[in-house]
Amino acid sequence: MAPCAQHLQLPTASLHALRRQAGRGIIPPPRPRHRPRSAIVAAMDAGGPSPVALGCGAVSVDYLATVASFPNPDDKIRSLELKVQGGGNTGNALTAAARLGLRPRIISKVANDAQGRNILSELQADGIDTSYILVAEDGNSPFTYVIVDQQTKTRTCIHTPGSPPLVPEELTKANLSSALDGADIVYFDVRLHDTALLVAEEASQRKIPILIDAERKREGLDELLNFASYVVCSAKFPQAWTGASSIPVALVSMLSRLPKIKFVIVTLGEKGCLMLERSMTDASEAGEIDAEALLESLQKNVDQSSTIPKCISSKSNLRISADGVGSISGRLLLGTAEVIPPGELIDTTGAGDAFIGAVLYGLCTGMPPERMLPFAAQVAGCGCRGLGARSSLPHRTDPRLAGY
């Protein structure tokens, strides 16, 4: 069935005006993408326009049940708490970004059912532009059962995809153009991969930076990675994708195989994160340093007594090598996680999405990596203090973020 017309309306008057201006050669110049961070944040604080982040991917409803411990087969147990709220990687990451001050837009699809209406209203309540989310008259919206184990502080997800899925033909050229107009960054969680590829190709032509969430190997991921400017991945992904013997070696391999990427971050849960950033200048004349040895040297400088997120960086513009892979010019950064008291740790659902939302904010506001990694870890830590991916996501004015 065709999506509801109300979610396919275009700002035709503005579009016609732009075309008339184009014919006269007077289209205004694009907004500069490299304003100083102080100017961007000052404009946001003064009520001016915030940077725009466009996301393409999953939105859903999460049914979160907290249990004393995960059930054994054929058990019957009672939940300690039940919560229903919005979910999906893209929905969660852009909710985090919205609360930090960005203006997100989402390309996705839901059905015209109770879950779909709740998904839209919750996103809208956080200031997210849902006008590019298609609504099918029939079918079902995506939803996920999440079992939160109070004993182990882990969660198990059982996902039911939405139906019918979004296909590229449903995203008109006019809507695609409108969604990308003024965007400062585009984010993909690698769901809806055929449509995502269409969006990525157009974003790349417009030279809009692209961030990919590489949670695990998915259909369409390899094609999307060729367009990526930045990659944030799960702990298991780098080695699974490259076949490398360790994470540092895998990161060198990823930057070697994907020359457009400026950095790759791997999130490591309570162990923090690791970033390999490519240098703008070639350090081929410098002596090579082994990636694994470099990580070991950074780990020795971690303050084990600190409970707040920190960042330890190598020197800039090193020649970082890995046996059997090659070498790249760049630097390695190790970020620590917040040490959350056991009594405050409620649920890790969506922690990675919160981290990515903070990275989107950091990139759009020109935050240097040394500051962005602890900031993103702090945002993720805040999100773990409530049930579900969004309950405890902080706003930019949260006192816990004041130091950033």
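Over residues 340-395 the chain is 52% helix and 0% strand, with the end C-alpha atoms 19 Å apart. The model is predicted, so local features need pLDDT of at least 70 and side-chain atom pairs pLDDT 80 or more, whereas totals for chains, interfaces and linings use all residues. Residues are numbered from 1 along each chain as its sequence is written, and side-chain values use heavy atoms, without hydrogens and water. Helices (H or I, at least four residues) and strands (E, at least two) are DSSP runs, numbered from the N terminus.

UniProt, in an unreviewed entry, places "domain: Carbohydrate kinase PfkB" at residues 57-279 and 340-395; such annotations may be inferred rather than shown by experiment.

| Segment | Helix | Strand | End C-alpha separation |
|---|---|---|---|
| Residues 57-279 | 30% helix | 30% strand | 30 Å |
| Residues 340-395 | 52% helix | 0% strand | 19 Å |

An open sheet of four strands has the order E3-E2-E6-E7 and mixed pairing; strands pair if DSSP finds at least two bridges between them. E3 (81-87) and E7 (154-160) stand at the edges with a single partner strand each, so one side of each lacks a neighbour in the sheet. Strand E2 (residues 60-67) pairs with strand E6 (residues 143-149) in the parallel sense over seven bridges, and Asp 149 of E6 is the bridge partner of Val 67.

Helix H3 (residues 89-100) packs with helix H11 (residues 351-364) at about 50°, their axes 7 Å apart. Axes are lines fitted to C-alpha atoms, for helices over the stretch in contact, and angles run from 0 to 180 degrees between N-to-C directions.
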